[in-house]
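I opened my notebook for a look through this one, with the sequence on one side and the model on the other. Here is what I looked up, entry by entry.

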Amino acid sequence: MNILVAFLHHLAAFTLVSALLAEAVLIAQPLTMSSARSLRFLDALYGMSAILILVIGVLRVMYFEKGADYYLHSHAFLFKMAVFAVVGLISIYPTVVFLRWGKTIKQNQIPALSGTELKNIRRVIRLELCGIGLIILSAVLMAKGTGFSG
């Protein structure tokens, strides 16, 4: 069972990264109806993947791996969770913008996106990708026992 749960956790993580990279590519191009629809879909996929990572991660910590006591004494794990939370919080901005497009897209119109919004969305996506890099580094350090204080 540990292997299946670990597989699902990693699958959700790779899905999240793939969705975010696809968003980065699409938002770098001129906005079209197709790209606006795709951005909304990809952002929803990103959010669902993040929720799955969180739920499965909690299950792994509590029931399938070394136990909560081990992880709660790992500085790498705590840093990983802090970065995950920050990435989640900053991801709210693009999600709100993309959700706001719903009515416009249903009317078959390309959503209006100001230069400032576009710049901010691109910046947030880059920050999210950097955060994911830190999460991966933390996961490696955690797996090697670096920063364990128990």
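**Entry 1: the start of the chain**

I began with asparagine 2, which counts as partly exposed at 39% relative accessibility. For my own record, buried means under 20% relative accessible area, exposed means over 50%, and partly exposed is in between, with a 1.4 Å probe and protein chains only. Asparagine 2 has its place in helix H1. Helices here are DSSP runs of H or I with at least four residues, strands are runs of E with at least two, and both are numbered from the N terminus. I then checked what asparagine 2 touches, leaving aside neighbours within four places in sequence, and found Phe64 and Glu65; contact means heavy atoms within 4.5 Å. I also noted that asparagine 2 and tyrosine 63 are 61 residues apart in sequence, yet 9.0 Å apart in space, C-alpha to C-alpha.

**Entry 2: ground rules**

This is a predicted model, so I kept in mind that local features need pLDDT of at least 70 and side-chain atom pairs count only at pLDDT 80 or more, while totals for chains, interfaces and linings use all residues. Residues are numbered from 1 along each chain as its sequence is written, and side-chain values use heavy atoms, with hydrogens and water left out.

**Entry 3: the whole chain**

I listed seven helices and zero strands in the protein chain. Along the principal axes, its C-alpha atoms fill a box of roughly 55 × 30 × 20 Å. Of the 150 residues, 35% are buried. Among contacts with a separation of 6 or more, 79% are between residues 24 or more positions apart.

**Entry 4: helix H1**

The buried residues of H1 include Val5, His9, Leu16, Glu23 and Ile27. What covers the buried residues of H1 includes H2, H5 and H7.

**Entry 5: helix H4**

H4 covers residues 75-90 and reaches 23 Å from its first C-alpha to its last, close to the 22 Å expected. Which residues of H4 are buried? I found Ala76, Phe77, Lys80, Val83 and Val87. They cover an arc of only 125° around the axis, which puts them on the same side of H4; the arc is that of the directions from the helix axis to the C-beta atoms. On the other side of H4, His75 and Leu89 are exposed. The buried residues of H4 pack against H2 (33-64), H3 (68-72) and H7.

**Entry 6: helix H5**

In H5, I marked Pro94, Val97 and Phe98 as buried. Their arc around the axis is only 95°, which puts them on the same side of H5. Their cover includes H1, H2, H4, H6 (102-106) and H7.

**Entry 7: salt bridges**

I looked for a side-chain nitrogen of Lys or Arg within 4 Å of a carboxyl oxygen of Asp or Glu. The count comes to two salt bridges. One joins glutamate 65 and arginine 60, with the closest N and O atoms 3.1 Å apart. Glutamate 65 is partly exposed at 34% relative accessibility, whereas arginine 60 is buried at 17%.

The other joins glutamate 117 and arginine 100, with the closest N and O atoms 2.2 Å apart. Glutamate 117 lies in H7 (residues 115-143) and arginine 100 in H5 (residues 92-100), so the pair ties together parts that are 17 residues apart in sequence. Glutamate 117 is buried, at 15% relative accessibility.

**Entry 8: a loop residue**

Where is asparagine 108? I found it in the loop between H6 and H7. Asparagine 108 has a positive phi of about 60° although it is not a glycine. Most residues other than glycine have a negative phi. With a relative accessible area of 57%, asparagine 108 is exposed.

Notes: The expected span of a helix is 1.5 Å times one less than its number of residues.
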